[in-house]
Amino acid sequence: MRATAIAHPNIALVKYWGKVDLTRNLPAVGSISITLDTLATTTRVDFDSGADSDQLFLDGDRASAERTSRVRVCLDLFRRFRPDLPAAVVESENSFPTAAGLASSASGFAALVTAVNAALESPLGADRLVEIARRCSGSSPRSLCGGFVELALVGDSTTVRSILDRRDWPLDVVIAVTSKAAKTVGSTDGMELTRTTSPFYHAWVTRSPGDLEAARTAIAAGDFEALAAVAEASCLAMHAAAMAARPGLVYWNGATVEGLHRVRELRGGGTPVFFTIDAGPQLKAVCEPGATDRVAAALAEIPGVVEVIRCGLGDGAMVVEA
Ligand code: PMV
């Protein structure tokens, strides 16, 4: 009972921010994302180690009690179907900084559920895996699929599917890393603070279906300008709602702000590029492949940008050889 899986982070173009049910981790809004290549989480699960309790090693070191307990919660969701499941040793490696707004929880839990299911010889279907992954991290089911992905609310559950293959619109993503520190307010705390105190939260939730529809239409048509408009609007609306919380949540630093202005200048000059930002200070610039060199060079020049990472669009989570 051992298996290894690999999953890539995903970046939301229409954001998820807010939960209707904390226990089931049910999102208040649907979301649309792109799955990346280049960055990856590789996770090995071993139920045959004879360990007394579930253990997590992250990038070779014993993980914190908090991270270990999140993995245990995930394993316990599988134990509802397999109560006899022994303690697991989980070894996970990220090819990028953990918890700094590069969606490590998304790729981490997508890789974990895929590896656990493979170790158990795939007893659970896609719907159950989506449910387990979502309970662990709301954005992680999107990393189960490749290319352009929609997470939709269906009743009190969620579904996830690829809405366009990555080969049908091969966009690039340039990530301007502006800090390698772990974020100070995690996404669950940030969402709850926004939901309970921001006067803009209701407006944010109300406009989400329109943004999802606009993004679906833009993706189906391969309309870059339309996708740029809705993705930047969704990102700024999410951050505006968070900034209006009490106390206000500001995930950006100076380089993040410089970066978004630079991206808009480039687009104003005819370069097909737009930005998005998650619950951290990194700026993600999505562009047509012919513009990637120009975008990467422009972002690398910004004071405070410590690293520039280039990605294309990637595949969904998959089982790999151990
Ligand atoms: O899945 P979580 O709990 O890490 O939340 C993700 C929240 C954002 O990255 C800011 C938006 C999104 O849709 O990915």
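This is a predicted model: local features need pLDDT of at least 70, side-chain atom pairs count only at pLDDT 80 or more; totals for chains, interfaces and linings use all residues.

Me: OK, which domains is the protein divided into?

Reply: There's domain 1, covering 2-166, and domain 2, covering 172-312. Taken over C-alpha atoms, their centres are separated by 23 Å.

Me: What's the area buried between domain 1 and domain 2?

Reply: About 3000 Å², with carbon and sulfur atoms giving 71% of that. On the domain 1 side, Leu13, Lys15 and Trp17 lose the most area to domain 2, and together they make up 29% of what that side buries.

Me: Switching to helices. At what angle do α5 and α6 pack?

Reply: About 160°, with the axes 9 Å apart. α5 is residues 201-221 and α6 is residues 224-243.

Me: So are they roughly parallel or antiparallel?

Reply: Roughly antiparallel, because angles over 145 degrees count that way. The crossing of α5 past α6 is left-handed.

Me: Which residues meet there?

Reply: From α5 you've got Trp204, Arg207, Asp211, Ala214, Ala215, Ala218 and Ile219. They meet Ala226, Leu227, Val230, Ala233, Ser234, Ala237, Met238 and Ala241 of α6.

Me: How many of those are nonpolar, polar or charged?

Reply: Twelve are nonpolar, one is polar and two are charged.

Note on methods. Residues are numbered from 1 along each chain as its sequence is written. Side-chain values use heavy atoms; hydrogens and water are left out. Axes are lines fitted to C-alpha atoms, for helices over the stretch in contact, and angles run from 0 to 180 degrees between N-to-C directions. Helices (H or I, at least four residues) and strands (E, at least two) are DSSP runs, numbered from the N terminus. Angles under 35 degrees count as roughly parallel, over 145 as roughly antiparallel, 65 to 115 as roughly perpendicular and the rest as oblique. A crossing is left-handed if the near helix is turned anticlockwise from the far one by less than a right angle, and right-handed if clockwise. Contact means heavy atoms within 4.5 Å. Ala, Val, Leu, Ile, Met, Phe, Trp, Tyr, Cys and Pro count as nonpolar, Asp, Glu, Lys and Arg as charged, and the others, Gly among them, as polar. Domain bounds come from an automatic or database domain assignment. Buried area is the accessible area (1.4 Å probe) that two parts lose on being put together, summed over both.
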